[in-house]
Amino acid sequence: MKTSESYLPEGSYSAYPEVRQALESLDGLRAAQDGGVILEAVAERCTAAHDLAFDFGFAAGVMPRACCALGVAEGDTREIAILSRVGKPTCFVVTEIDESTAPPTVWLSRTIVQQRAQDFLLETLRPGDIIPAKVTHLEPFGAFVDIGCGVASLIGIENLSVSRIFHPRDRLIVGQDIYAAVRAVDPEARRVSLTHRELLGTWEQNAALFCPGETVRGVVRSIEPYGVFIELTPNLSGLAEPRGDLSVGMVVSVYIKSILPQRMKIKLTVIDVLSPGEPPPLPQYYLTEGHISEWVYTPAGCEHKYIATLFD
């Protein structure tokens, strides 16, 4: 995995005993300040001045507005990046401890951590590297994820899976821990772009989960005049005969009539409409670490279209 345990998505640091211990006393915070150690705590509130406030019990933590997120001081990042931290684990380093107040005031900075993480990621990541990420926000065009200490990256909706969806919420939920592969690194724009579908298996790998004659669950993803595309896994869909009582998003049971690798097709028959409203299933990853040079989705000898990603 091409990342460092020093720069993980926010919400990951609380699991480390040394982080929890540092937050138990002023001595612990002093030691963390001297070592530049990344800590994490839940932001309790955001003041009218857009400073974040933390309660350590024995001390009050204050993160000034300009220290809450990269780009806020320059006007490149919206204020919602600060407001939305309330009630969420937030990374920081201790910059100063003022014991003249009661309780003592501990001054914190998230931007220092983010700058360090961003510099490291831009310097070390290469296209094809597989990294952990946490889903932070969903938009119609894609999913924003945290790739380290709140540094944001985007997975475009077209890169979430081979099976097409209308909104990222069909595939992911906010707060979900996922894996992603680096598509591109742009040091000038200070941006890392990601993809997700290459980690979810090839057509053959997904088709191997099913056999003709089985009846399984699926999700209606597209309705065309010639048939209904039904997703069996995020990277595998089959085609069923047209049926007038179906709509996109419905969960259905389907009978698998045939699996045709040479045409990259699965023929289905819809058996019944099932209860809707289930959250998207957790992704089944075929790769969670290392590096991908090339990913070929299409089965060997397939007469159908060729789907592949070249990273190197």
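Phe 166 is placed in the loop between β9 (152-156) and β10. In this predicted model, Phe 166 has a relative accessible area of 60% and is therefore exposed. Together with Ile 223 and Val 248, Phe 166 forms a nonpolar patch on the surface, and the accessible area of the three residues amounts to about 290 Å².

The side chain of Glu 231 is joined to that of Arg 171 by a polar contact of 2.9 Å. When neighbours within four places in sequence are left aside, the residues in contact with Glu 231 are Ser 163, Ile 165, Arg 171, Gly 218, Val 219, Arg 221, Leu 236 and Ser 237.

Salt bridges were examined across the model. The count comes to 13 salt bridges. One of these pairs Arg 85 with Glu 10, with the closest N and O atoms 3.3 Å apart. Arg 85 is located in the loop between α3 (80-83) and β5 (89-98), whereas Glu 10 lies in the segment before α1 (17-22), so this pair ties together parts of the chain that are 75 residues apart in sequence. Both partners, Arg 85 and Glu 10, are buried.

A further salt bridge, at 2.4 Å from N to O, is made by the side chains of Arg 190 and Asp 119. Since Arg 190 occupies the loop between β10 (177-186) and β11 (191-195) and Asp 119 is part of helix α4 (residues 111-124), the pair ties together parts that are 71 residues apart in sequence. Arg 190 counts as partly exposed because its relative accessibility is 35%. Asp 119 is likewise partly exposed, with a relative accessible area of 35%.

Lys 257 and Glu 241 also form a salt bridge, in which the closest N and O atoms are 3.0 Å apart. This pair links distant parts of the chain, with Lys 257 in strand β15 (residues 251-260) and Glu 241, 16 residues apart from it, in the loop between β14 (236-240) and β15. Lys 257 has 41% relative accessibility and therefore counts as partly exposed. Glu 241, with a relative accessible area of 36%, is partly exposed.

Strand pairing was then considered around β4. Strand β4 (residues 60-63) is joined to strand β3 (residues 52-55) by 4 bridges, and the two run antiparallel. Within this pairing, Phe 54 stands opposite Gly 61 in β4. The hairpin of β3 and β4 has 4 residues between the strands, and in this hairpin Gly 57 takes a positive phi near 85 degrees. Strand β4 is also joined to strand β6 (residues 105-109), by 3 bridges and in a parallel arrangement. Here Val 62 stands opposite Trp 107 in β6.

The side chains of a regular strand alternate between the two faces of the sheet. In β4, the covered face is made up of Gly 61 and Met 63, while Ala 60 and Val 62 form the uncovered face.

Terms used:
Residues numbered from 1 in each chain as written. Predicted model: local features only at pLDDT ≥ 70, side-chain atom pairs only at ≥ 80, totals over all residues. Heavy atoms only, no water. Polar contact = N/O pair within 3.5 Å; in protein donor to acceptor, adjacent residues only side chain to side chain. Contact = heavy atoms within 4.5 Å. Buried < 20%, exposed > 50% of the residue type's maximum accessible area, 1.4 Å probe, protein only. Pairing = 2+ DSSP bridges. Salt bridge = Lys/Arg side-chain N within 4 Å of Asp/Glu carboxyl O. Patch = residues over 30% accessible without salt bridge, like charges linked within 9 Å, V, L, I, M, F, W, Y side chains within 5 Å. Areas by Shrake-Rupley, 256 points an atom, 1.4 Å probe, with all protein chains shown as cover.
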